[in-house]
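Dear colleague,

Please find below the structure that I am handing over to you. My notes on what was found in it follow directly after.

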Amino acid sequence: MSITVENIYKSYGDARAVAGIDLVVPDGHMVVLLGPSGCGKTTTMRCIAGLETPDSGRIMIDGRPVFDSASGIDVAVNKRNVGMVFQSYAIWPHMTVFENVAFPLTMQGIGGTELQERTFEALEQVGLADYAKRGSSALSGGQMQRVALARSLVMRPAVLLFDEPLSNLDARLRDRLRVQLRELQVELKITGIYVTHDQQEALALADQIVVMEQGKILQIGDPVDIYQNPKSSHIAEFLGYSNIFPLASIEEADGLRRIEIREGGRRLVAAAGYSVPDGEDAAICVRPDDISIQHVADGSAPPESGNTFVGRVTLASFLGSHMLYRVRDDDDAVWEVLSKDISRDITVGSRAALTIHADAIKVLPVR
């Protein structure tokens, strides 16, 4: 089942939450709405579900209009065949797992063999068939979230909407359920929209990512493309490019760019790429894992050339498989480095040489 959103607007008083959204979700695809709090992603999803009424625009599910301001169509939420998994589990503690999942069918007057079969089918899909008789209050957070998912699946909805359903879970459980949810979505060919502010979650779950801010779409693309090719430094920052510095100048020659960072005046070489229009502010953006780091012994002074320069370590944080460093260079700019090479020589206060490949430096417009 596909979802089509055309020119949707939604305001709350003088505050515009959604400002002309156009979006197509193909059948069987998972689209993730990514953005900070207040960017309009949840409002967009709630308009699709029928929990909010847009001021204007059109929404279609499987080619059928469920909202059309021009025609006066506004299909009730219970008739849109949309399932929704919320951030809060909304699990009834006085019911068993089976009763929680079966509740929507009971409300529809479905009982007997059909209720039994559909409920156990949904429980098996989320791996909880053996928990059917267990009281809901005895479940872990991850199990409760899977019960909430099964309760949506039991309705066999045309589409599933997810409102930050994993945000209340601890990190390890969130990572595990993220993988399970993606596997289930692909296996069942679920058409879904997933709302999150977590870029790692978006990259892991999406067929397509929609980056939003102030009620508008900034960029749409598949996870690889949008991660490797953000359209602006603002989007890059949200996607984990933690080294972002405004530029003072750009000179292009021989397929390379010689750039000068406004902060401290450091000069670097970047590969040619996006052309920043004249008069438009630009910045360099570098992912922390694209910077290599090497210890420099006190007293030695390796020559600084090209994109290799020296600084002093201000932070060395062990993350298990990686080390996170912050290094203040001699021009007083602070660089963040994420390195798989764990060295006991690189500690707070030590000197370190940083090297950035020209291809890793993206020159992007600020907005």
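I begin with Leu51, which lies in the loop between helix H1 (41–49) and strand E4 (56–61); helices (H or I, at least four residues) and strands (E, at least two) are DSSP runs, numbered from the N terminus. Please note that this is a predicted model, in which local features need pLDDT of at least 70 and side-chain atom pairs count only at pLDDT 80 or more, while totals for chains, interfaces and linings use all residues. Residues are numbered from 1 along each chain as its sequence is written, and side-chain values use heavy atoms, with hydrogens and water left out.

Leu51 is partly exposed, at a relative accessible area of 34% (buried means under 20%, exposed over 50%, partly exposed in between, with a 1.4 Å probe and protein chains only). Together with Val77 and Phe86, Leu51 makes a nonpolar surface patch of about 210 Å². Patches are made of residues with over 30% relative accessible area and no salt bridge, where like charges are joined within 9 Å and nonpolar side chains (Val, Leu, Ile, Met, Phe, Trp, Tyr) within 5 Å. A salt bridge is a side-chain nitrogen of Lys or Arg within 4 Å of a carboxyl oxygen of Asp or Glu, and accessible areas come from the Shrake-Rupley method, for residues with only the protein chains shown as cover.

I turn next to a sheet. Five strands form an open, antiparallel sheet in the order E14-E13-E12-E15-E21 (two strands pair if DSSP finds at least two bridges between them). Its edges are strand E14 (267–271) and strand E21 (362–365), each of which pairs on one side only. From one strand to the next, the twist averages 50 degrees (axes are lines fitted to C-alpha atoms, and angles run from 0 to 180 degrees between N-to-C directions).

Strand E12 (residues 243–253) is joined to strand E15 (residues 282–286) by 4 bridges. Here Ile244 stands opposite Cys285, and Pro246 has Ala283 as its bridge partner. With strand E13 (residues 256–261), E12 pairs over 6 bridges, and Glu251 is partnered there by Arg258. The hairpin of E12 and E13 has 2 residues between the strands, and Asp254 takes a positive phi near 55 degrees in it.

Ile259 belongs to strand E13 and is buried, with a relative accessible area of 0%. Leaving aside neighbours within four places in sequence, its contacts (heavy atoms within 4.5 Å) include Leu247, Ile284 and Val363.

Yours sincerely

Terms used
Areas by Shrake-Rupley, 256 points an atom, 1.4 Å probe, with all protein chains shown as cover.
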